[in-house]
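I open this notebook to record what I looked up, entry by entry. The structure comes before the notes.

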Amino acid sequence: MFAGEVRDELMSRDDLDKLPWPLESKFEASLLKYFLTTLSPWFDYCDPQQHFRTYIGNKAATDITLLYAVLAVSARHQSSSLHRHNRIADEYQKRCLRSLIAALDDPERTLNDTILASAVILRFFEEMTETPEESFRTHTLSAQLLLRITEGHVYRSSFTDAAFLVVLRSEIYVANLIRRPIGNLEDHCNIDTSLDPTSERMWALRAIAHAAKATNFAYGDVTASEYNWQSLMQYIDDWERLCPQSFQPIYSQNRISPANPFPHMCYAIDYHVAARQHIELARVLLLASNAQSCLTRIQQARMGQSNDESIRSSVRVICGISMSNPEFMIARIGAALVIAICGELFDDPTETQILIELLSEAESHLAWPCLKAKEYLRGVWRV
């Protein structure tokens, strides 16, 4: 169904603040279902309680701002991946922003779950809409949302924790793509970053938080000290040594197949996948910004001190996990991110062809313009 065929099914412009329920438009109902079945797994990654799907499934009936956010992001995703509904997505976004921006701009207002959910969803909309620089450096919504979170003007609940985790994961991807630090966002996500015994899910969240810290180290303005580098790398070693046995793959082998040299690593649960990918991402960032040596890359190679092969090994693990666990679609985004960061370190044609295919799959799934490093890497690899 294309934009011209559904224009008349949009909520009337005379009733922008009035929510009809049940929905009178079959098209809008399909967009809501599309979010709940296709897009909510991205928001509920590493969340066994599926806060977003459950919350939105219940609250969309009573909050028109939240409903507009959901309709906007569903239509935008379809316009990017299925090439339809682009203008309709813009209309839903405008309707949602009318009330949302006012709430985010009010410094005295504490954000409740509905406003926070709408803001997080529309932030996802922004990320699918523009180039990295336009979407992540200039858009008011993203900036205001992050500011309100870090200032603490948010009503805390279990849904808040779930929403903050979505923002943190997004910031890790964004910051690495445009090479900037995250700040202390992970401090607001209610994550226990010690290495004391805890739930398996918290062990996964620790890995995600550590990837955020490694991102700050890699792109921060403050001069990196050897001690900080060593302590961050030691945390990775300690995390791997102390995490529960269940974080080991349920099956692994050196190669996926004779034609695919990436490691085969099967996992049972999404947060086991997320933990391993984020630990390896943290390792990549630290190896790439090793403060122990000021030697040039050529000098390092001559002295056998280059970290390039260690970085490639971690990239292969991240990509192998993505290919070995196709049911966890978000793992493809982790693979695409590290390819965009480190793809130039690969020159084997068998590997580079697979890396190109992984980039294409991630672009198609998430529809983020910022992941489209494929053409640049094609030039580097001459494919």
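Entry: I began with Thr114, which touches Tyr55, Asp63 and Leu66 when residues up to four places away in sequence are not counted. Contact here means heavy atoms within 4.5 Å. The side chain of Thr114 also makes a polar contact with the side chain of Tyr55, at 2.7 Å. I noted that a polar contact is a pair of N or O atoms within 3.5 Å; within protein, one must be able to donate a hydrogen and the other to accept it, and residues adjacent in sequence count only if both atoms are side-chain atoms. Thr114 is placed in helix α6 (residues 113-127). Helices (H or I, at least four residues) and strands (E, at least two) are DSSP runs, numbered from the N terminus. Is Thr114 buried or exposed? Thr114 counts as buried because its relative accessibility is 14%, where buried means under 20% relative accessible area, exposed over 50%, and partly exposed in between (1.4 Å probe, protein chains only).

**Entry: basis of the model.** I recorded that this is a predicted model, in which local features need pLDDT of at least 70 and side-chain atom pairs count only at pLDDT 80 or more, while totals for chains, interfaces and linings use all residues. Residues are numbered from 1 along each chain as its sequence is written, and side-chain values use heavy atoms, with hydrogens and water left out.

**Entry: confidence.** pLDDT is the predictor's confidence in each residue, from 0 to 100. I found a mean pLDDT of 86 for the protein, with 83% of its residues reaching 70 or more. Among the elements, α1 has the lowest mean pLDDT (45) and strand β2 (residues 264-266) the highest (98). pLDDT stays under 50 over residues 1-5, for which the model has ten contacts beyond four places in sequence. Over residues 293-298 pLDDT likewise stays under 50, with six such contacts.

**Entry: the largest nonpolar core.** A nonpolar core is a set of buried Ala, Val, Leu, Ile, Met, Phe, Trp, Tyr and Cys residues joined through side-chain atoms within 4.5 Å. Which residues touch the most other members of the largest one? Ile56 and Ile121 do, in a core of 123 residues. Helix α10 supplies the largest share of this core, twelve residues. The core lies between domain 1 (13-190) and domain 2 (196-382), because both give residues to it; the domain bounds come from an automatic or database domain assignment. Beyond four places in sequence, the contacts of Ile121 include Phe35, Phe43 and Phe52.

Entry: Most residues other than glycine have a negative phi, and most peptide bonds are trans. I therefore listed the exceptions.
- The peptide bond from Trp21 to Pro22 is cis, with omega near 0 degrees; Pro22 is in the loop between α1 (3-6) and α2 (26-43).
- Cys46, not a glycine, has a positive phi of about 65 degrees. Cys46 lies in the loop between α2 and α3 (51-59) and is buried, at 0% relative accessibility.
- Arg179, also not a glycine, has a positive phi of about 60 degrees. Arg179 sits in the loop between α9 (158-178) and α10 (200-219) and is exposed, at 60% relative accessibility.

Entry: I found 18 of the 19 residues of α12 (residues 270-288) to be buried.

Note on methods
The expected span of a helix is 1.5 Å times one less than its number of residues.
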